Amino acid sequence: MEIQSDVKVKIRVNGTAVSATVQAGDSLLDFLRNQARATDVKCGCNQGDCGTCTVIYDGKAVKSCLVLAAQADGKEVRSLRGLMEDPLMQSLQNAFVECGAVQCGFCTPGMLVASWSLLQENSNPTRGEMRQGISGNLCRCTGYKKIIDAISLAAAQHVVTDGTANLADLADRLDGQAQAKANYLLLGGG
Amino acid sequence: MLHYSFCKPGHLIEALQVLSEYGGRARIAAGCSNLLPDLKARHLQDCLLVDISELEGLRGIQAEGDWATVGSLTTIAELAVSPLLREGAPLLWQACQSFGDPLVRNRATLGGNLGHASPAADTAPPLLAMEASVATESLSGGRREFPIAELFAGPGRTNLRPGELILSLRFPLFQGKHEAFVKFGLRDAMAISLASAALSLRLHDGLMQDVRLAYGSLAATPFRATRTEECLTGMPFNEETLSLASAQAQGEVRPITDVRASSSYRRQLAGALLRQAARAALS
Ligand SMILES: Cc1cc2nc3c(=O)[nH]c(=O)nc-3n(C[C@H](O)[C@H](O)[C@H](O)COP(=O)(O)OP(=O)(O)OC[C@H]3O[C@@H](n4cnc5c(N)ncnc54)[C@H](O)[C@@H]3O)c2cc1C
Ligand code: FES
Ligand code: FES
């Protein structure tokens, strides 16, 4: 077993293996931004509080500033950019735009990854479960309501594409603006 | 001088060897949700990070009869979705529901929560109330098992010996008690608790028995409020008992003043949380 200050790692980032030498104390976030150039992963606080650095690490949504880069050797990481071809992520992105859930946009990449992870695990969450699901992601602009609206809308659209939709149930879930948008989109307007 | 180095032992013995060789300069790295913020804030200097996150045999929940053994690398997220804990150890299960946020729960380990020894460690009051035991191992001292109450020495300090690693926690399941964990923070999610309480008891002919009450954030370590337990024992559950016990609890806790709250406010919380926990446990 080697004891190293500079650690050689090979980490798969959005499908591409990235080899680099990291310092023992570097976080996965340091590696992603500075070495893998995955600058869609944002650094808001560097101490686990804000969630802007959220990625899918080894299959789970985590804050990348709370993972040691050296620890991530051999692992698979997906950031927002690596999920953009995914239909659920596309629904979420569209819904965030439709619902005005993006203002300054700094929290958005992390918020989208956390929302995606939530809907992966629970395709039909209640608004309370959605609030829980993004409770590790801070947004200083939107006040969260529009973000929850957007997640509801994306979930609803997804259930519709699944063919398991019950429109009356779905409409109950959605709130205010999202409901209007959903009617528009689901009933053929969009 | 800031100087970090890293190693990843392939098995437990190798980990214990390096921990023993480097002594106080070695730092166990598990989920790193405490460790990385400490590194970035430069609270830790010149240390060897010993990555145990993938060691075999330290992860998972095992039931044997009415006892559970939980490996130290088990994450809070894994505990939070365990049907066994939900039914068999509701205090710990409840504490995991309100722990941090889903992203932190995916990293945070049980061993790290206890090893960090924060007075606010959320898994500690439930484990104290369940009278859990901690199994540890070190190269020189071998394996030992001791009551969790003996683990905590002070804020951020444990009684673990140099080079000693927490292997697992063991506690009884399906106690059939009335129990509740309550936590009070400044924000619902992701907040360090200002105070927390775990309470369990039985009712015999309307009188409280087998009372266990443990507090978090109300002293230098998480602790069991044994005098308040005595005050509740043998008493009926009513307003008068709760008033007496709350007054006792407020005298028994030893809270500090910090950026989050004053000590007198926390003292008040001791009584309020006891009432809340008692009502929740008996509802
Ligand atoms: C945003 C955020 C929210 C949080 N919310 C909460 C909360 O609600 N409640 C709460 O209690 N905590 C909370 N925490 C703190 C932290 O997540 C927990 O304490 C977590 O359980 C630590 O586990 P870890 O595996 O990440 O530990 P690490 O950071 O890897 O280690 C923590 C300490 O324990 C030692 N250690 C780790 N494993 C072992 C072992 N097996 N044997 C001996 N020593 C060991 C390490 O050397 C280190 O000193 C929060 C943290 C963040 C960043
Ligand atoms: S940068 Fe990771 S949580 Fe804020
Ligand atoms: S849109 Fe600005 S922080 Fe969320």
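## Ground rules

Residues are numbered from 1 along each chain as its sequence is written, while chains are lettered from A and ligands numbered from 1 in the order in which they are written. Because the model is predicted, local features need pLDDT of at least 70 and side-chain atom pairs count only at pLDDT 80 or more, with totals for chains, interfaces and linings using all residues; side-chain values use heavy atoms, leaving out hydrogens and water.

## The sheet in chain B

Let's start with an open, antiparallel sheet of four strands in chain B, ordered β11-β12-β13-β14. Helices (H or I, at least four residues) and strands (E, at least two) are DSSP runs numbered from the N terminus, and two strands pair if DSSP finds at least two bridges between them. β11 (178–184) and β14 (223–224) of chain B each have a single partner strand, so one side of each is left without a neighbour in the sheet.

β13 (residues 207–216) of chain B is joined to β14(B) by two bridges, and these strands run antiparallel. Tyr215(B) has Phe223(B) in β14(B) as its bridge partner. Helix α5 (residues 90–97) of chain B packs on the sheet, where it touches β11 and β12 (195–204) of chain B, and its direction makes about 25° with that of β11(B). Helix α11 (residues 263–282) of chain B also packs on the sheet, touching β11, β12 and β13 of chain B at about 145° to the direction of β11(B). Here contact means heavy atoms within 4.5 Å; axes are lines fitted to C-alpha atoms, for helices over the stretch in contact, and angles run from 0 to 180 degrees between N-to-C directions.

## A helix pair

α11(B) has a helical partner too: α10 (residues 239–252) of chain B packs against α11(B) at about 140°, with the axes 8 Å apart. Among the contact residues are Leu242(B) and Ala249(B) of α10(B), and Leu274(B) and Arg275(B) of α11(B). By class, this contact has six nonpolar, six polar and four charged residues (Ala, Val, Leu, Ile, Met, Phe, Trp, Tyr, Cys and Pro count as nonpolar, Asp, Glu, Lys and Arg as charged, and the others, Gly among them, as polar).

## Domains and chains

Chain A is divided into domain 1 (6–79) and domain 2 (84–189), with bounds from an automatic or database domain assignment. The two domains bury about 950 Å² between them, 67% of it on carbon and sulfur atoms. Buried area is the accessible area (1.4 Å probe) that two parts lose on being put together, summed over both.

Between the chains, 34 residues of chain B are in contact with 36 residues of chain A. Chain B and chain A bury about 2700 Å² between them, 62% of it on carbon and sulfur atoms. Phe6(B), Leu103(B) and Arg107(B) supply 26% of the area that chain B buries against chain A, more than any other three residues.
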